[in-house]
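Here's a quick tour for anyone meeting this structure for the first time. Have a look at it, then read on.

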Amino acid sequence: MGPIFDTHAHYASDAFNEDRDQLLAALPSKGIVGICEQSTSSADAAACVELAHKYPYIWAAVGIHPESLLPKGSCPDEMLAPTVTVYGGDWAAELRDLRPYFEDERVVAVGECGLDYHWPVPQDAQLAMFEAHIRLAMELDKPVIVHDRQAHADVYALLKKYKPKGIVHCYSGSADDAAWLCEQGMYIAFGGACTWKGAKRALKSIDAVPMEQILLETDCPFMTPDIYRGQRCDSSMLTRVSEVIAERKGVTPEAICKITDENARRVFRIP
């Protein structure tokens, strides 16, 4: 099945250290024609861009994930990002140091960035950092990749204020909110979570999103679809997500793959 464009992946993650190149080399034979590799801080930005240069079907997004602001004492030290360990929480300085990456033609988006109120991350710092990413994306005329976890109201307030182009990834909001986000020009990405038991909210949101603004994503190595639960997630598993979306939209999985590939190339401005 294909063509499949995975708009949100983390192949630079340690979870792929043992077989990364073997896995990525095999993905085109499984229908994968595009991947947007997401950085989370200065710790993995270089690796993400390196993957985008090594594999012609991979592009990169560069930004700082809100979890990178996790303060010392909130998690094991080895989990702390350079945002804290190197920059002392000065995310603005880190973001300035990331600016040169955006001159690379393989870097097609700003992110992953956003708000995450699940973790004990200072909310004021998150809000300021997310707003800075949105402003940067608009300055560079690139889409912004939005992370929204338990923070709908504040995320939506900033998106309404600035009206950026971009993607709300791993969408978990309501169908009504998905509708106005699309009217504003955002794209909505769905992954393995929409296949899980009890995913009624996600399924209603799929119904509300126009075909020309729906996207596939994995967030791999996380968010494994239902039939693969217990396994490490990778882009080939999006066949299952396409089946679920196809059932809601009344078309074939192949049609979903084709249109979501077209949508991804439109939002990222790639051929």
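## Salt bridges and buried spots

Arg240 and Glu243 sit three residues apart in helix α9, so about one helical turn separates them. Helices (H or I, at least four residues) and strands (E, at least two) are DSSP runs numbered from the N terminus. This is a predicted model, where local features need pLDDT of at least 70, side-chain atom pairs count only at pLDDT 80 or more, and totals for chains, interfaces and linings use all residues. Residues are numbered from 1 along each chain as its sequence is written, and side-chain values use heavy atoms, with hydrogens and water left out.

The structure holds eleven salt bridges, meaning a side-chain nitrogen of Lys or Arg within 4 Å of a carboxyl oxygen of Asp or Glu. Among them are these:

| Pair | Closest N to O |
|---|---|
| Arg240 and Glu243 | 3.4 Å |
| Arg240 and Asp226 | 2.9 Å |

Arg269 lies in the segment after α10 (253–268) and Asp141 in the loop between α5 and β5 (144–149), so their bridge ties together parts 128 residues apart in sequence.

What about accessibility? Asp141 is partly exposed, with a relative accessible area of 38%. Buried means under 20% relative accessible area, exposed over 50%, and partly exposed in between (1.4 Å probe, protein chains only). Pro225, in the loop between β8 (214–216) and α9 (238–249), counts as buried at 1% relative accessibility. Leaving aside neighbours within four places in sequence, Pro225 is in contact (heavy atoms within 4.5 Å) with residues including Trp196, Arg240 and Val241.
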